[in-house]
Amino acid sequence: MERFESIEDVWKYINSIPMFSKVGDKASNFGLNNITRFCERIGNPQKKFKSIHVAGTNGKGSTCYLLETVYKRAGYKTGLFISPHLIKYNERVRISGVDVSDKLILDFFQETDSVLQEVPLTYFEISTALAFWVFSKEKVDLAIIETGLGGRLDSTNIISPELSIITSIGKDHEQILGNTIEKIAFEKAGILKTNTPVIVGNLDALAMKIIEEKATIENSKLIKSAELKPEFDQGMVTFKANKKSYSTNLIEPINCWNVAMVAKAIEVLNSKFSVPEMAFKEAIEHFKGVPARFEKLHPQKDWYFSGSHNTQAIDAMLEAVDQFRTAKKVLVLSLMKDKMKNEIFSKFKAFDEIYYYAQEGDRAAKFSDIKEFIRAKKIDESTYKMFLNELHTELVIFAGSFYFYSTIKRWLNEDTENL
């Protein structure tokens, strides 16, 4: 009898594997041996499609979605691998903007089950292998691959991309990647490949030095998106260097750097994957934004979700918040324990009121953990309906963790009175 006779069998298996969101680095395997062995046994699918590899502390998800949108608009069959998923596992793997089907996922597990029993893989490694298998099977023209953590030992780092991108480098996951910018930059720089160009975002001098050294060793042409001199003003992205402007639906000013990196990527890959200027312009101007990245949650109210959970991302979120001229700014927060730092809590002083919701799992910070750091009011499953019904005119930001997103969407999708 097969282990995977239905998609329900797959979900049961996947959900039995420790997840990073619940238990942290105990769920991870920072090394390439197992993913390499597994992919070799299933025919090295990662060698059968062209790709762009994207790493970075912040901005990598938005940059990946933008790249997918632009190349799809230009007529290419695209693959996209991202993490974490927000609502459903299928979100991690997309073909031309559509989440991978249950059937393809089931096909993968049925076809590779014997190898899976011989070569143990973590939750993220299985997701990575699935993505590679799907992109090979679907014969995508170009796959955009987002790293999970770091880069050097990330399971995605067995691809040979056409281009590498490092969006930003800041302090996050320090217990895994190191507690200095230099150490973190070294891990991110691990995605650079010999004779393969690399584009960088807005990096500070310390991080840039590490990337430049690695680029020299690998003979990788280094392209700085800063050359475009990107600026953001109320949704308008302008490249001062070439006087091009694009009206966008984006809210966070940091997005001008993501758009600049995509513009540079198109320039670098033009001979292999040409994108007409009009296709780029239309893709950027019609781009609806990325789920959970300052996403508007309510059609009539200023309610937004921001997955920002480190100092760099929170600064970007606060820059967006500053654009709102509202009498009252409310934060609904939910954090993982490893994000409980004074420099993070101090930034939340920008809000008039803070509410805290504790997620399930060992990794989640409870209300008792955070109350010594900030003054917050507790909300839970028994009180959130009343809480939401009291919020009418304020700016409300739900933030602190991507893993909080599914809870918020569930709240808003329920028949809550007056929402």
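Trainee: What should I know about the model before reading side chains?

Mentor: The model is predicted, so local features need pLDDT of at least 70, side-chain atom pairs count only at pLDDT 80 or more, and totals for chains, interfaces and linings use all residues. Residues are numbered from 1 along each chain as its sequence is written, and side-chain values use heavy atoms, with hydrogens and water left out.

Trainee: How many salt bridges are there?

Mentor: Side chains of opposite charge can pair when their charged atoms come close. A salt bridge here is a side-chain nitrogen of Lys or Arg within 4 Å of a carboxyl oxygen of Asp or Glu. The count is 23 salt bridges.

Trainee: Which residue pairs with K214, and at what N to O distance?

Mentor: E218, with the closest N and O atoms 3.1 Å apart. Helices (H or I, at least four residues) and strands (E, at least two) are DSSP runs, numbered from the N terminus.

Trainee: Is E218 buried or exposed?

Mentor: Buried, at 14% relative accessibility. K214 is partly exposed, at 24%. Buried means under 20% relative accessible area, exposed over 50%, partly exposed in between (1.4 Å probe, protein chains only).

Trainee: Where do E381 and R410 lie?

Mentor: These two form a salt bridge, closest N and O atoms 2.8 Å apart. E381 lies in the loop between β16 (377-378) and α15 (384-390), R410 in helix α16 (residues 405-413), so the pair ties together parts 29 residues apart in sequence. E381 is partly exposed at 37%; R410 is partly exposed at 34%.
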